[in-house]
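Biologist: Could you put the model up, so that we can go through it together?

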Amino acid sequence: MDDERDPEATLREWKESMQAEHADAIANPDPDAEHAIEGVTQVSYRVSFAYDADAGELRRETVEQVDDPAEPDLLSCSCGVRGMTREEAREHVAAARTE
Ligand SMILES: [Zn+2]
């Protein structure tokens, strides 16, 4: 099989090189950049509605928070490294401290 013409092999190589770059960016933080870790998370709310017969409309009645903010799945750094697990982000800032 000709590896160079195999799209799956090309994709696999691309993924491997992206992963290697990602691992390198985590392990070797830019010494001149600021490193601050953050992530985005969501909170769910239960919203209840009442039927307003005069207007023939649903009216929002109550909004109740149903859970606490969850741990973000992936974290990013202000230096531009994204998509880190909590452990990867820990390694990243720890490496930045020791540079
Ligand atoms: Zn960083």
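Biologist: What should the 21 residues of H1 span at 1.5 Å a residue, and how far apart are its end C-alpha atoms?
Modeller: The 21 residues of H1 should span 30 Å, and the end C-alpha atoms are 30 Å apart, which agrees; the expected span is 1.5 Å times one less than the number of residues. Helices (DSSP H or I, at least four residues) and strands (E, at least two) are numbered from the N terminus. This is a predicted model, in which local features need pLDDT of at least 70, side-chain atom pairs count only at pLDDT 80 or more, and totals for chains, interfaces and linings use all residues. Residues are numbered from 1 along each chain as its sequence is written.

Biologist: What does the pLDDT average for the protein chain?
Modeller: The average is 93, with 95% of the residues scoring at least 70, where pLDDT is the predictor's confidence in each residue, from 0 to 100.

Biologist: In what order do the elements run?
Modeller: From the N terminus they run α-β-β-β-β-α. The radius of gyration is 23 Å, well over the 13 Å that the globule rule gives for 99 residues, so the chain is more spread out than a compact globule; the radius is taken over C-alpha atoms, and the rule is 2.2 Å times the number of residues to the power 0.38.

Biologist: How many residues of strand S3 are buried?
Modeller: Of the 9 residues of S3 (residues 57-65), the number buried is 0, so this strand lies largely in the open. Buried means 20 or more other C-beta atoms within 10 Å of a residue's own, exposed means 12 or fewer, and partly exposed is in between, with C-beta atoms placed from the backbone. Arg 59, found in S3, is exposed, with 10 other C-beta atoms within 10 Å.

Biologist: And which strand does S3 pair with?
Modeller: S3 pairs with S2 (residues 45-52) in the antiparallel sense over 8 bridges, given that pairing requires DSSP to find at least two bridges. The two strands form a hairpin with 4 residues between them, and Gly 56 in the turn has a positive phi of about 70°.

Biologist: Switching topic, which residues make up the largest nonpolar core?
Modeller: There are 6 residues in it: Ile 26, Leu 75, Cys 77, Val 81, Met 84 and Ala 89. Such a core is a set of buried Ala, Val, Leu, Ile, Met, Phe, Trp, Tyr and Cys residues joined through C-beta atoms within 7 Å.
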